[in-house]
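Please study the sequence and the model shown here. The explanation after them is meant to be read with both in view.

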Amino acid sequence: MKLYNTLSRSIEEFEPLDPPNVGLYACGPTVYDYTHIGHLRKYINDDLLVRTLAANRYKVRHVMNITDVGHLTSDADAGEDKLEKGAAKLGKSVLEVAKYFEDDFWKSLALVNVEKPDVTARATEHIDDQIALIETLIDKGYTYKTRQAIYFDISKFPNYTKLSRQKLSEKMAGARGDVVVDARKRNPADFALWFFTVDRFANHTLRWKSPFGEGFPGWHIECSAMSMKYLGLSFDIHTGGTDHIPVHHTNEIAQSEAATGAPFVKYWVHHAFLTVEDEKMAKSKGNFYRISELVEKGYNPLAFRYLTFQTHYRSEMNFTFESLAGAKLALNRLYERASYFKEVHKHADIEFERDFLDSLSQDLNTPRALSIMWGMLGSNLSDSVKASTLYKMDEVLGLKIKENAVLLHDIPESVMKLVHDREELRKQKQFTRADHLRSKLEKMGYILDDEKDRTRVLRKI
Ligand SMILES: [Zn+2]
């Protein structure tokens with residue numbers, strides 16, 4: 001298997017530290033707002049990576065953090081704590097807000113069939129681990145203290161920018177553009193390990209006692225403390241968005257390697273961004289879609305999963321409703337094909353299965369994997385072998401093809417009458433009554449798919 005490693009800027013042969021075990025840490029959400037499709041793209045591709053590793057017979061331990069404290073509105077120590085700000089806006093406690101948005105996160109993930117990690121680590125439940133790591137850094141002389149915070153002194157860590165490959169002078173110029181909030185900070189790129197609840201954080205509600213004073217952890221330290229706790233001082237894969245390269249992940253490497261003296265992560269995997277209709281997602285533009293909104297618009301959430309695979313994870317993905325409609329059509333065709341399979345052969349076709357896994361094992365080439373899947377369906381294999389091969393592929397793709405395979409035949413008269421009644425109601429624009437009939441039919445086990453000039457009715461198996 002091959003993976004692109006941001007550290008070397010090249011595609012490398014994947015060789016885990018302790019095969020067949022693989023330790024994988026994924027930067028998780030800061031739970032102060034709803035999960036949107038840009039986030040989901042990242043978690044869908046993480047899920048695909050985990051499933052591809054499993055298909056290659058690796059035993060993956062997947063750890064993800066939930067940030068419920070310490071992430072300021074700027075990644076570089078300026079601004080307010082996102083959670084505290086969100087809580088104040090909603091008039092709720094910080095932990096209530098965190099719980100509410102964490103629930104939304106899991107629900108969104110479930111809709112696109114992303115499996116839960118083996119370990120979910122909340123920052124607020126690992127304060128002791130973070131304090132211990134900060135103590136090690138203090139003992140080893142990598143830190144200094146001001147009235148406001150304990151900082152990691154980047155001048156003590158050679159090769160600080162090895163991941164981002166920025167020149168330190170450029171980085172410092174960039175950091176200087178931020179609001180300077182602590183005049184005693186020695187170097188603009190130094191970063192806080194621990195904030196004291198004084199001055200601008202005097203009203204911070206989440207606070208803990210520590211040997212160095214009452215306060216709360218900086219954002220970066222949680223990922224180092226929790227990943228090393230569950231995966232060891234050195235582990236195989238760390239994932240995150242490309243936006244994390246210059247600050248968050250750079251800081252994670254510095255503080256982890258300074259504390260342990262060992263290489264922190266072997267392969268850094270970074271996901272590219274998602275744009276909507278060629279524009280960056282932004283609340284002000286109203287293009288901030290949640291998966292539940294796509295469902296309300298009548299899309300199967302797995303159509304978004306399918307759509308995600310049409311773009312390689314390292315390329316920018318441009319979401320449009322036109323492309324989503326195309327993905328929905330393709331997915332329905334897949335379900336429809338599966339509905340004709342009367343039996344499933346014991347074994348998948350070896351060649352197609354191998355080509356499919358090979359393409360995913362080449363740095364997750366999902367567009368190619370999809371085309372191999374369609375090629376297989378169009379081949380002259382018998383239906384029963386096609387069925388077993390398709391279901392085998394779907395163990396990695398996670399499109400729930402078997403569960404959604406539907407019978408297109410043998411729809412009883414009584415059901416067809418309800419379908420026609422509903423079509424009449426829709427023509428008369430009586431949508432509430434039409435929707436009522438749709439739910440009634442769904443409860444009876446029938447799925448309706450409204451196309452331009454007709455409604456297809458499918459039966460769940
Ligand atoms: Zn992180």
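The structure is a predicted model, in which local features need pLDDT of at least 70, side-chain atom pairs count only at pLDDT 80 or more, and totals for chains, interfaces and linings use all residues. Residues are numbered from 1 along each chain as its sequence is written.

The domain assignment divides the protein into domain 1 (2-271), domain 2 (284-404) and domain 3 (413-460); such bounds come from an automatic or database domain assignment. Between the C-alpha centres of domain 2 and domain 3 the distance is 26 Å.

Helices and strands are named here as DSSP runs (helices: H or I, at least four residues; strands: E, at least two), numbered from the N terminus. Helix H1 covers residues 37-55, and its 19 residues reach 26 Å from the first C-alpha to the last, close to the 27 Å expected at 1.5 Å a residue. The expected span is 1.5 Å times one less than the number of residues in the helix. How far is H1 enclosed by the rest of the structure? Of its 19 residues, 16 are buried, so H1 is largely enclosed. A residue counts as buried if 20 or more other C-beta atoms lie within 10 Å of its own, as exposed if 12 or fewer do, and as partly exposed in between, with C-beta atoms placed from the backbone. Just after H1, Arg-57 has a positive phi of about 70°.

Helix H12 (residues 366-377) has 12 residues; its end C-alpha atoms are 17 Å apart, which agrees with the 16 Å that it should span at 1.5 Å a residue. Its buried residues are Thr-366, Ala-369, Leu-370, Ile-372, Met-373 and Met-376. Seen down the axis of H12, these residues fall within an arc of 160°, so they line one face of the helix; the arc is that of the directions from the helix axis to the C-beta atoms. Among the elements that cover them are H1, helix H9 (301-309), helix H11 (350-361) and helix H13 (383-397). Contact here requires the C-beta atoms of two residues, placed from the backbone, to lie within 7 Å.

An open sheet is formed by three strands in the order S13-S12-S14, with mixed pairing. Strand S13 (279-280) and strand S14 (317-319) stand at the edges with a single partner strand each, so one side of each is left without a neighbour in the sheet. Strands pair if DSSP finds at least two bridges between them. Strand S12 (residues 274-276) and S13 run antiparallel and are joined by two bridges, and Val-276 has Glu-279 in S13 as its bridge partner.

The backbone also deserves attention. Most residues other than glycine have a negative phi, and most peptide bonds are trans. A cis peptide bond, with omega about 0°, joins Pro-19 and Pro-20; Pro-20 lies in the loop between strand S2 (10-13) and strand S3 (21-26). Asn-113, although not a glycine, has a positive phi of about 60°. Its loop runs between helix H3 (94-111) and strand S5 (119-122), and Asn-113 is partly exposed, with 16 other C-beta atoms within 10 Å. Lys-429 has a positive phi near 60° and belongs to the loop between helix H15 (413-427) and helix H16 (431-443). With 7 other C-beta atoms within 10 Å, Lys-429 is exposed.
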